[in-house]
Amino acid sequence: MVPAKMPIWLRSFIVASAVVLVLGAGLFGYRWYSHPTTLTIAVGSLDGEATRLVSALASRLAVVNAPVRLKLVETTNALDAAEQFAAEKVELAVVRGDVGDLSQAQAIVVLAHAVVLLVAPPGSSITEIAGLKRTSVGVIGGEMNRKVVDVLSDEYGLGRANVTFRNLQPADARRALDAKEVRAILIVVPLAEKYLALLRGLFLQTPKTAPVLLPVEAAGAIAEKQRAYESFDVPKGTLRGSPPVPSEDLTTLRVSFYVVAQKQLSAEVAGSLADALIKARRDLLGELPILSQMTAPSTDSDAFLPVHPGAAAFYNGTQQSFLDEWGNAIFLAPMIFGGLISILAAAWKFLQVRDPSKDERGLDLLYALGARIRRTEAEAELSDIEVEIDRVLQGQRAKAAAGDENALDVSTLNVAAHRLQSLIHDRRILLSARLGSSGQAVRPDIDRIERPAAE
């Protein structure tokens, strides 16, 4: 109940404060809901290409105001990125399928594919892996390619064949080949022009001589045992077109780079991220041709790296529709709107509550005069009371004429006026009777006068 003497300015302040609070809460809720989700992503590579690629994707997401944004955490290579991810220091990472602990990883997108290439210098007599017996092979990438070395060694018995592997930096590979410190190079790179040009630059070649690519004929068997890899045929002429190198499609191994997320990432965010990345790929394809390799990961239940459920819903087209997602809100909106209307109506009524100290002041004055009439002992005081009654009645009639909604209604005025007239009449009779009993002349009953009744 509103206090009887609460001023209108205080009630207005309370309602205004409530409106500001509700609007502020609504604005905060909207900003919170529409604010993009920022995810940290660990990324790194020996040549910095992976960082440049993800940075371009992150910039594109910001430009198009995507609901998910990326914050890069740079590392030295994919192995370090996988370690950051396994330690849960980041929410996403760019990893290679055969490197690091990926037990908690779920795929969002395949970023690129890297192909295992074993290359011997031009004119080399080595044409197959078995020909590497008792030789040294330079491994570009070192620690990153340890798993590849182990897989090939196990499959082909390279340890028993006294094949040694030596880690090389890209800048040292040419010198090691020229000095015959190594007889072949092992490198794992995407089949993109940038990396093919790097590979060509490692060897002295002429129009009649070219590097020798060694096939991995057991690629299918390796892929069956090591599911991070798959058998892949390098197309004819990939390294050089005329004469073509390789001269025929060449079987080898391929491994994928993934953008992976932690399992606890919400399905909604994962789906939005997959959607945003695929759209960014389309926009950046002309600028970054390597993005043509970006594709959806396998959604099969037995895939090597399971796809995140949110991303799978996006790729399978099973994301919630607008009605599925907002059906409850649409159903509840009219109810909420009705509730707000009721609240506004209550607030309006609150502002319009009559202040009893104003609305009923005239009536209280009339009631107070009744008490005075009963207590008075003088005829002259009754006349003064009649004057006050006239003043109150005239004041209320003036309010009514001015349209003041706080003015007392006509019926209330008439009842109160007639009641007071009766009290004055009875009091006069009583006072006259007392005077008569004391031997004084009794004044004729001529003082009863008609009080102006409210119209």
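The protein chain in this predicted model exposes about 25000 Å², and carbon and sulfur atoms supply 57% of that surface. Of the 455 residues in the chain, 42% are buried, and the chain is built from 14 helices and 12 strands. Among contacts with a separation of 6 or more, 78% are accounted for by residues 24 or more positions apart.

The mean pLDDT of the protein chain is 83, and 84% of its residues reach 70 or more. Over residues 353–359 the pLDDT stays under 50, and for this stretch the model has 12 contacts beyond four places in sequence. Residues 441–455 also have a pLDDT below 50, with 25 contacts in the model beyond near neighbours in sequence.

Rolling a probe the size of a water molecule over the atoms shows where empty space is left. In this model the second largest pocket holds about 480 Å³ of space. It has 27 lining residues, and those closest to the centre of the pocket are Ser45, Leu46, Asp47, Val188 and Tyr195. At least two residues of the lining come from each of α2 (49–63), β3 (92–96), β4 (105–120), β7 (184–189) and α6 (193–200). Sorted by class, the lining of this pocket consists of 18 nonpolar, five polar and four charged residues.

## The loop between α6 and β8

Which residues does Leu202 touch, leaving out those up to four places away in sequence? Leu202 is found in the loop between α6 and β8, and its contacts are with Ile140, Pro170, Ala173, Arg174, Leu177 and Ile185. Leu202 counts as buried because its relative accessibility is 5%. In space, the C-alpha atoms of Leu202 and Pro121 are 8.7 Å apart, although the two residues are 81 residues apart in sequence.

Ala210 also has its place in the loop between α6 and β8 (212–214). With a relative accessible area of 15%, Ala210 is buried, and, not counting residues up to four places away in sequence, it touches Pro122, Gly123, Gln205, Arg240 and Val245. The C-alpha atom of Ala210 is separated by 8.8 Å from that of Arg200, which is 10 residues away along the chain.

Ser153 lies in helix α4 (residues 146–156). Its relative accessible area is 19%, so Ser153 is buried, and, leaving aside neighbours within four places in sequence, Ser153 is in contact with Leu158 and Phe165. In helix α9 (residues 309–316) the buried residues are Gly310, Ala311, Ala312 and Ala313.

## Backbone geometry

Most residues other than glycine have a negative phi, and most peptide bonds are trans. The table lists departures from this pattern in the model.

| Item | Kind | Value |
|---|---|---|
| Asn65 | positive phi | near 60° |
| Glu88 | positive phi | near 60° |
| Ser242 to Pro243 | cis peptide bond | omega near -15° |
| Val245 to Pro246 | cis peptide bond | omega about -5° |

Where along the chain do these sites fall? Asn65 is found in the loop between α2 and β2 (68–74), and with a relative accessible area of 58% it is exposed. Glu88 lies in the loop between α3 (78–86) and β3, where Glu88 is exposed at a relative accessible area of 52%. As for the two prolines, Pro243 has its place in the loop between β10 (240–241) and β11 (244–245), and Pro246 lies in the loop between β11 and β12 (250–262).

How values were computed:
Residues are numbered from 1 along each chain as its sequence is written. This is a predicted model: local features need pLDDT of at least 70, side-chain atom pairs count only at pLDDT 80 or more; totals for chains, interfaces and linings use all residues. Side-chain values use heavy atoms; hydrogens and water are left out. On a 1 Å grid over the protein atoms alone, a cavity is a set of points where a 1.4 Å probe fits but cannot get out, and a pocket is an open set with protein on both sides within 12 Å along at least five of seven lines; lining residues have an atom within 4 Å of a point. Grid points are joined across faces, edges and corners, and a volume is the space filled by probe spheres set on the points. Helices (H or I, at least four residues) and strands (E, at least two) are DSSP runs, numbered from the N terminus. Ala, Val, Leu, Ile, Met, Phe, Trp, Tyr, Cys and Pro count as nonpolar, Asp, Glu, Lys and Arg as charged, and the others, Gly among them, as polar. Buried means under 20% relative accessible area, exposed over 50%, partly exposed in between (1.4 Å probe, protein chains only). Contact means heavy atoms within 4.5 Å. Accessible areas come from the Shrake-Rupley method with a 1.4 Å probe; for residues, only the protein chains shown count as cover. pLDDT is the predictor's confidence in each residue, from 0 to 100.
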